[in-house]
Amino acid sequence: MSSLAKLQSAKSLDELAAILGYKPAALAYLLYHLPTARKYTTFTIPKRDGTPRDILAPTPKLKLLQRRLANVLYLALADIDKAGAPRRHLSHGFAKHLSIVTNANVHRRRRYVLNLDLKDFFPSINFGRVRGMFIKDKRFALDPKIATLIAQIACHNNVLPQGSPCSPVISNVIGHLLDIRLVRLAKAQKCTYSRYADDITFSTNAKLFPADMAALVAGTEHEWTLGAALIEEIDKAGFAINPVKTRMQYRGSRQVTTGLLVNEKPNILPEYYRPVRAMCWSLFNNGSYYRVVPATLAGGKPGDPDVQEPATSLAPLQGMLGHIYHVRDQIDQRSSAEKKKETTATATRKLYHRFLFYRNFIVAPKPLIIPEGKTDSIYLQAAIEKLIAYHPQLGRMDKGKFKSALKFMNFSSTVHAVLQLGSGSGDLFHFIRKYHELLKHYHHRPLPNPVIVLIDNDDGAKEIFGAAKGLGAIGISLTSTDAFYRLGPNLYLIKTPETGPKGKSCIEDLFDPTLLKAEIDGKKFDVNKKHGEPGKYGKQIFAEKVVRPKKDIIDFSKFSGLLDRIVSALDDYTASPPPP
């Protein structure tokens, strides 16, 4: 049964609880017995204009419930989309595969681009609207009891709180009526319409912008007023316009939609990119950068010049770089392989690569382990925690919780795409080969901690051995037994311990053979499993469904030799750090 069908068939709290993965008593407690003071915390974040925005963040237990509700609603919307005829998306916010880029893209190369904002978008959606929509909207048509429960989960003080995981998806459902009204009006006026959350855009190539949508104020050159028909449709849908954010943009001048240029194609504003590039230059050369802060957030008045404040974290700069990269990567239509080539990589990709290299390897706050893949990190973290008495340098217990002294490479999609790590020994070969050359690009390179590449000692490592020999690891082979190989100022290579006359080994060999025979749903573990092979499961499932849940009873004693090698590398770096 689909998620939508489950919701439509539900008639009681017990049935909704089952859909959300809760016991009825637990759901009832969160809704009716959890004290209001323990449901939300309040804080503020700056808006784009520098003024504060109040955020009501649900506490962890309520947040989990709201996230589960959001997931169910997203799946229900996907069921609705599958059942209907394909159509152009009107709302691009809070939707999978849609973004500010897809929103801006439909308004490129237009004579006129009109932007307007809705006032108090989330707070304007109250309990009654949420409940009524899930009852009356033919796409859902839920039982009144279920609609009431959903509204109770989602709303606080009678409105959708900004900060709840389910507010975005519910606001999109509520906003669907607005989208239908405005796209009909836009079509009648030969305009294109789209919405991203509370940001609405109309565009057209007509010689004159339709007066029912907006008209130039008499006696002015660039002051526009919204048309009565447009205002009426927004009002009927239960929303209001923020008049100070309405703007008309013409061909021949700069046109911006959801923060992106749209004159030719969606792109980052130059005044956004240039300061970020300057911040990176300062960081790579001096180890610090200044963050531009709106005057109102620094204690000034509206209209005062922005203030430069010393940044205390790399996170803001990474966020800005990530935004620039993901926008420009989406509009780059070349193949993924072509984007990654050194000779054809864009300046944005190169800059982001330099930042991620700096953050992960040059100023690493802890010794960094780079294994061949994600599953190796799961094995090692579990082994270190269970063998901590024998390897205290690798972590400690703090108030009953394990605190690792190491950091493991997070093989995120960005790390995979930009740093090109996470696809096994081939990526590690190129990383080791280029590491020295990349270090030269940074005048500021404190190198406080070692970077340890950890590989299986098997045939897949032969290419890595070749690169390592060129960096001084003389004699490295399948049968060599050195604890570690220092390949650079802070770069180390460690192999899994050698076994048998040929020395070959992989990290899974360190588990008890009985554990490797564990069956899941009738399938057996195959360390070399290829996708789609019947009757077998691979490393990811082994790590997640065998090692993680059973770590307290698994015998990790064979991992001790590998951990000894990591400790030896740490000791070597402490005794012989790179010169300043």
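1. Q420 is partly exposed, with a relative accessible area of 29%. Buried means under 20% relative accessible area, exposed over 50%, and partly exposed in between (1.4 Å probe, protein chains only). Phi of Q420 is positive, about 55 degrees, although Q420 is not a glycine. Q420 sits in the loop between helix 15 (413-419) and helix 16 (425-439). Helices here are DSSP runs (H or I, at least four residues), numbered from the N terminus.

2. Note that this is a predicted model: local features need pLDDT of at least 70, side-chain atom pairs count only at pLDDT 80 or more, and totals for chains, interfaces and linings use all residues. Residues are numbered from 1 along each chain as its sequence is written, and side-chain values use heavy atoms, with hydrogens and water left out.

3. A141 also has a positive phi, near 50 degrees, and is not a glycine. Its place is the loop between helix 6 (127-136) and helix 7 (144-154). A141 is partly exposed, at 42% relative accessibility.

4. The largest nonpolar core has 101 residues. Such a core is a set of buried Ala, Val, Leu, Ile, Met, Phe, Trp, Tyr and Cys residues joined through side-chain atoms within 4.5 Å. Helix 13 (residues 347-362) gives the most to this core, with eight residues. F361 and F431 have the most contacts inside the core.

5. Look at F431 next. Leaving aside neighbours within four places in sequence, F431 is in contact (heavy atoms within 4.5 Å) with F357, F361, I370, L421, V451, V453 and L491. A second, separate core has 69 residues, including L90 and F209.

Conventions. Helices (H or I, at least four residues) and strands (E, at least two) are DSSP runs, numbered from the N terminus.
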